[in-house]
Amino acid sequence: MENKKCLLIVDLQNDFCAGGALAVPDAEAIIPKINQIMDRFDLILASRDMHPHHTTHFQTWPTHCVRGTHGAEFHPDLNTLGIHFFLEKGTSSKDNGYSVFESSTFNVSELLHKYDIAELYVCGLATDFCVKATVLDALRNGFTTFVITDCIRAVNRHEGDGVRALNEMQQHGAILVQSNAIRPK
Ligand code: VGL
């Protein structure tokens, strides 16, 4: 049987898009591309950064994605009808919670094993923080992990952070792929 594929959409929320509290440059451009490839996957997961009002995370970052606010909602252009499971992350007041594998909703590794997923494809925001942390955790957990390079965007607090993050992911075993090269189911 074909290897089962999972698409993991990281934090496509209003606060990370134009006009949001922590807008990632050009973030909206990836949304139509993500919508377009959804039918190529057996399972689709989407994470949301869901912070409490007060968290040590806001010592590093402007206040963003606070539970119950518009900024924490998915960007309205994302096709949420195609998503099978929604995961919350960053719910603790004591850590950054960058990785989807730290989700408080599900044990993501167990969920992927339960659905017999052999290949994990990661896209979303942001390349140099939550995407990177998630990809490195996926590799640590033994999943064959792809990064969809035209469906991610970086914060780039320091010039080149996004490129460095991609290199680091690749060095740890991630496979870089363009969305148009992902084969249908
Ligand atoms: C993120 C910075 C702060 C991300 C989250 O989703 O990559 N970046 N919080």
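Which backbone atom lies 2.9 Å from an oxygen atom of the ligand? In this predicted model, a backbone N or O atom of A126 lies at that distance, 2.9 Å, from a ligand oxygen. The pair qualifies as a polar contact (N or O atoms within 3.5 Å). A backbone N or O atom of L125 lies 3.3 Å from an oxygen atom of the ligand, and a polar side-chain atom of H57 is placed 3.2 Å from a ligand nitrogen. Taken alone, the ligand exposes 260 Å², of which the protein buries 99% (Shrake-Rupley areas, 1.4 Å probe).

The residues around the ligand (a heavy atom within 4 Å) are D11, F16, L22, D49, H57, W61, H64, L125, A126, F129 and C130. By class, this shell comprises 7 nonpolar, 2 polar and 2 charged residues.

The structure holds 1 cavity of 30 Å³ or more (points on a 1 Å grid over the protein atoms alone where a 1.4 Å probe fits but cannot get out; lining residues have an atom within 4 Å of a point). The largest cavity has a volume of about 120 Å³, taken as the space filled by probe spheres set on the points. Of its 13 lining residues, F16, L22, Y98, F129 and C130 are the closest to the centre. The lining divides into 10 nonpolar, 2 polar and 1 charged residues. The space taken by the ligand is this largest cavity (more than half of the ligand atoms within 2 Å of its grid points).

Residues are numbered from 1 along each chain as its sequence is written. Local features need pLDDT of at least 70 and side-chain atom pairs pLDDT 80 or more, while totals for chains, interfaces and linings use all residues, and side-chain values use heavy atoms, with hydrogens and water left out.

Key:
A polar contact is a pair of N or O atoms within 3.5 Å; within protein, one must be able to donate a hydrogen and the other to accept it, and residues adjacent in sequence count only if both atoms are side-chain atoms. On a 1 Å grid over the protein atoms alone, a cavity is a set of points where a 1.4 Å probe fits but cannot get out, and a pocket is an open set with protein on both sides within 12 Å along at least five of seven lines; lining residues have an atom within 4 Å of a point. Ala, Val, Leu, Ile, Met, Phe, Trp, Tyr, Cys and Pro count as nonpolar, Asp, Glu, Lys and Arg as charged, and the others, Gly among them, as polar.
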